[in-house]
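Open your viewer and get ready to select residues by number. This tour goes stop by stop.

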Amino acid sequence: QVHLVESGGGSVQPGGSLRLSCAASGNIFMIYSMGWYRQAPGKQRELIASRTTSGRTNYTDSVKGRFTISRDNAEKTVHLQMNSLKPEDTAVYYCHTELIQSPVDRSSDYWGQGTQVTVSS
């Protein structure tokens, strides 16, 4: 089993900052990537940012220049620093990882339980 535990969500005023963290644990042989998705009410879940173990990062256009993803490969953690938050950033944020549990496994996707981020004045 693999578990992703998220922390750091909450409420903030427009222009404020929040930092999300996620720690992976369990039967993990190798992590390929870790990242964050979000889902606003009535909308599909979308990729916000991801970072591979080799260091390649990817951001959706709407958060470029405002959000920064970082990882600690040894600790199996991923963080999302969110600055200059806007009301449209309000959503449930989900941690995601793609990993294998043994050298012969295909990769699998795992999700955290989600953490609410609310940006409102």
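A charge sits over a ring if NZ of Lys or CZ of Arg is within 6 Å of the ring centre and within 35 degrees of the ring normal. Keep that in mind for the first stop. One caution before we start: this is a predicted model.

**Stop 1: Arg-45 and two rings.** Select Arg-45 and Tyr-94. The charged end of Arg-45 sits over the Tyr-94 ring, 3.7 Å from the ring's centre.

**Stop 2: the aromatic pair.** The structure holds one aromatic pair, and Tyr-37 and Trp-111 form it. How are the two rings placed, edge-to-face or stacked? They are edge-to-face, with 4.8 Å from centre to centre and 70 degrees between the planes. The partners come from distant parts of the chain. Tyr-37 is in strand β4, Trp-111 is in strand β10 (residues 108-111), and 74 residues separate them. Trp-111 is partly exposed, because its relative accessible area is 37%, between the limits of 20% and 50%.

**Stop 3: the salt-bridge network.** Select Arg-38, Glu-46, Arg-66 and Asp-89. Salt bridges link these four residues in a network. In total, the structure holds four salt bridges. Walk through the network pair by pair.

- Arg-38 and Glu-46: their side chains meet at 2.9 Å, N to O. Arg-38 has 6% relative accessibility, so it counts as buried. Glu-46, at 31%, is partly exposed.
- Arg-38 and Asp-89: the closest N and O atoms are 2.9 Å apart.
- Asp-89 and Arg-66: here the closest N and O atoms are 2.7 Å apart. Arg-66 lies in the loop between β6 (57-59) and β7 (67-72), so this pair ties together parts 23 residues apart in sequence. Both Asp-89 and Arg-66 are buried. For Asp-89, the relative accessibility is 1%.

**Stop 4: Lys-43.** Select Lys-43, in the loop between β4 and β5 (46-52). Is Lys-43 buried or exposed? Lys-43 counts as exposed, because its relative accessibility is 59% and the limit is 50%.

**Stop 5: a surface patch.** Finish with Phe-29, Met-30 and Tyr-32. They form a nonpolar patch on the surface, with about 290 Å² of accessible area together. Met-30 belongs to strand β4 (residues 30-39). With a relative accessible area of 39%, Met-30 is partly exposed.

Methods. Residues are numbered from 1 along each chain as its sequence is written. This is a predicted model: local features need pLDDT of at least 70, side-chain atom pairs count only at pLDDT 80 or more; totals for chains, interfaces and linings use all residues. Side-chain values use heavy atoms; hydrogens and water are left out. Patches are made of residues with over 30% relative accessible area and no salt bridge: like charges are joined within 9 Å, nonpolar side chains (Val, Leu, Ile, Met, Phe, Trp, Tyr) within 5 Å. Accessible areas come from the Shrake-Rupley method with a 1.4 Å probe; for residues, only the protein chains shown count as cover. Helices (H or I, at least four residues) and strands (E, at least two) are DSSP runs, numbered from the N terminus. Buried means under 20% relative accessible area, exposed over 50%, partly exposed in between (1.4 Å probe, protein chains only). Rings of Phe, Tyr and Trp (its six-membered ring) pair if their centres lie within 6.5 Å; planes under 30 degrees apart count as stacked, over 60 as edge-to-face and the rest as tilted.
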